[in-house]
Amino acid sequence: MKRLDFVKKACAGGVGLALLPQVYSCGTNKSIAEKAWSGLRAQDGPVFSYIHPKKGVPNVLLYGDSISIGYTTTVREELAGKASVFRIFSNGISSHDFIPKMDKLEQTMFKPHLKGGWDFEWDLIHFNVGLHDIKYMSSKGMDKENGEIVSTVPTYQENLVAICEYLQDNFPNTKLIFATTTPVPENANGRYAGDAKKYNEAALEVLKNYPSVIINDLYGYTLPNHEKWMEKPGNVHYNKLGTTEQGKKVAEVILEQLNQ
């Protein structure tokens, strides 16, 4: 039985249904769910702290790599009282990892897999994969000279098709936002400048076939401010100003879709 069908049947009859667009909620045991999350999350700290669903508030999932980890706190602050903002339990890594990680989240945290677990449907999923697809890896780690790229462009596109099909099949009533991959600076370790742009173009080609998926162009938003926002030269990560501005942009796009 799919979770949506299970939740509908479990909530039907008697207890009342707090129903937002695409949201069913008939009760989660906080102590059970929090314990399950504690065993699932990859890191400690506020970004990976347990978020408990609230009745009457949309449920938003952020899926992404370390860039999304950087802006998660700002998104939560910007959407406080407007949405419960969850994130994937670890670094989302590459397009190869998306479906296994989403399945693990489902099977660990949600009813009927977890008795007393989460019992809602996502209102919105904001997702990105790409930065880990364009890494060159060897047995020694990131290695542009001797390594192989994690995902070729065709493989990346195939994975994105699979991701979009997975999301539409499993979350048919959920609003979907794809964030483009942020820029890679010159002299980055294990990555080539320009590859983010190339892979974003490849992603947009795929997403033409999925018009319901909204595009959040974080690449285009970040690029004019890249030197000012980057953590340090050659680093793909961002300083406090950068993560804050990216988080505000993500929250703005999410809220715009939730309000439609």
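I began with helix H6 and listed its buried residues: Asp195, Ala196, Tyr199, Asn200, Ala202, Ala203, Val206 and Leu207. Buried here means under 20% relative accessible area, exposed means over 50%, and partly exposed lies in between (1.4 Å probe, protein chains only). Seen down the axis of H6, these buried residues fall within an arc of 160 degrees, so they line one face of the helix. The arc is taken from the directions running from the helix axis to the C-beta atoms.

I noted the source. This is a predicted model, where local features need pLDDT of at least 70, side-chain atom pairs count only at pLDDT 80 or more, and totals for chains, interfaces and linings use all residues. Residues are numbered from 1 along each chain as its sequence is written, and side-chain values use heavy atoms, with hydrogens and water left out.

Next I checked the length of H6 (residues 195-207). Its 13 residues should span 18 Å at 1.5 Å a residue, and its end C-alpha atoms are 18 Å apart, which agrees. The expected span is 1.5 Å times one less than the number of residues. Helices (H or I, at least four residues) and strands (E, at least two) are DSSP runs, numbered from the N terminus.

What do the buried residues of H6 pack against? I found strands S4 (136-138), S6 (148-149), S7 (175-179) and S8 (213-216), and helices H5 (153-170) and H7 (218-222). Contact means heavy atoms within 4.5 Å.

I then looked at Leu204, also in H6. Leu204 is partly exposed, with a relative accessible area of 35%. Leu204 and Phe178 are 26 residues apart in sequence, yet 9.5 Å apart in space, C-alpha to C-alpha.

I turned to helix H4 (residues 98-109). H4 has 12 residues and reaches 16 Å from first C-alpha to last, close to the 16 Å expected at 1.5 Å a residue. Its buried residues are Phe98, Lys101, Met102, Leu105, Glu106 and Met109. Down the axis of H4 they fall within an arc of 140 degrees, so they line one face of the helix.

I traced the sheet. It is open, with 5 strands in the order S2-S1-S3-S7-S8 and parallel pairing. Strands pair if DSSP finds at least two bridges between them. S2 (84-87) and S8 are the edge strands, each pairing on one side only. S1 (residues 59-63) and S3 (residues 124-127) pair in the parallel sense over 4 bridges. Leu62 stands opposite His126 in S3.

Last, I looked up Thr244 in helix H9 (residues 240-258). Thr244 is buried, with a relative accessible area of 17%.
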